[in-house]
Amino acid sequence: MTSTPTNALPIVRGRYTHNAPLASSTWFRVGGPADVLFRPSDSDDLADFLKNKPAHLPVTILGAGSNCLVRAGGIRGIVIKLGSGFSEISATNNELIVGAACLDRTVAMQCSELGLSGLEFLVGIPGTIGGAIAMNAGAYNREIKDSLLWIEVIDHSGKIYKIKTDDLKMTYRHSELPEQTIVLRAAFHLDAKPIDEIEETLSKFLALREEAQPIRVKTGGSTFKNPKDKKAWELIDAAGCRGLRIGDAQVSEKHCNFLLNLANAKSNDLEDLGTQVQKRVLETSGVQLEWEIIRLGEQ
């Protein structure tokens, strides 16, 4: 592992951690370290870093760690993790502005308190708003793009600018974010609705998640995207993969589009298991499943 020298990095107000363990920052609880983990204080601190960092230094953004698998070799360069300085939530009339580091569930709950409807589906999606925008997260027939007005991003030169929703060309589990940009905040247009009605919807969605998905376990959420007009879990089940294991990595028996770390699975066990699922589904149905979980770092 090649570490990044301390004297090669610009002075910041945030915090650097060298050879930083990442396993504890991911829901799978696996993976190697980052050369450097940087937690910027706020957008100005992040901009100063990006403007002054060594040009050759690779940059990776890490959100809540819910929808990613960090490989055992860790991540080269610098990993940026946004914290409390990127977690503001404010509302004016029916417009909600949310920092990229806000947890999806927190946003859904805050909207309930404000009497704003449209983002209830986020209550059952692990992760942050930044990640939800990058993948156009959705559930229960709603997607991020349905309410999104604009996002504010910063590029790797430190320039901050806004992008309208139409320019992101958002489709199922996809948005065309410009390369080498980091989402800072987003604006949503929501509908006013009685708080008790919103709370009822939140309760219903939470109950559905409890019934259908493995929770309170080490998992990364949905592993594969749904192919057009098909459901990934049905294809996986039909291929005989429910409960399939490699070491302590297992295809969930409750919802077989979830991979689980039962105890001490390694990152390569989980990735190899996903690859095995893809192979079996292709053999039985002719469908090539596409990873929804983002795999990061080196083997």
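How many nonpolar, polar and charged residues does the lining of the largest pocket have, by class? The structure examined here is a predicted model, in which local features need pLDDT of at least 70 and side-chain atom pairs count only at pLDDT 80 or more, while totals for chains, interfaces and linings use all residues. Residues are numbered from 1 along each chain as its sequence is written, and side-chain values use heavy atoms, with hydrogens and water left out.

The lining of the largest pocket has 20 nonpolar, 13 polar and 13 charged residues. Here Ala, Val, Leu, Ile, Met, Phe, Trp, Tyr, Cys and Pro count as nonpolar, Asp, Glu, Lys and Arg as charged, and the others, Gly among them, as polar. A pocket is an open set of points on a 1 Å grid over the protein atoms alone, where a 1.4 Å probe fits, with protein on both sides within 12 Å along at least five of seven lines; lining residues have an atom within 4 Å of a point. The volume of the largest pocket is about 1,400 Å³, a volume being the space filled by probe spheres set on the points, which are joined across faces, edges and corners. Of its 46 lining residues, A139, Q213, S222, H255 and F258 lie nearest the centre. Helix α4 supplies the largest share of this lining, six residues.

The second largest pocket holds about 1,100 Å³ of space. It is lined by 42 residues, and I61, G130, G131, A134 and I294 are those nearest its centre. Two or more lining residues come from each of β3, α3 (129–134), β13 (181–189) and β19 (294–296). This lining divides into 20 nonpolar, 16 polar and six charged residues.

Helices (H or I, at least four residues) and strands (E, at least two) are DSSP runs, numbered from the N terminus. Four strands form an open sheet of mixed pairing in the order β1-β2-β5-β3, where pairing requires at least two DSSP bridges between two strands. Strands β1 and β2 (residues 34–39) run antiparallel and are joined by five bridges; T17 has L37 in β2 as its bridge partner.

Five aromatic pairs are found in the whole structure, counted for rings of Phe, Tyr and Trp (its six-membered ring) with centres within 6.5 Å; planes under 30 degrees apart are stacked, over 60 edge-to-face and the rest tilted. One of these pairs, Y16 and F38, is tilted, at 5.2 Å centre to centre and 40° between the planes. This pair links Y16 in strand β1 with F38 in strand β2, 22 residues apart.
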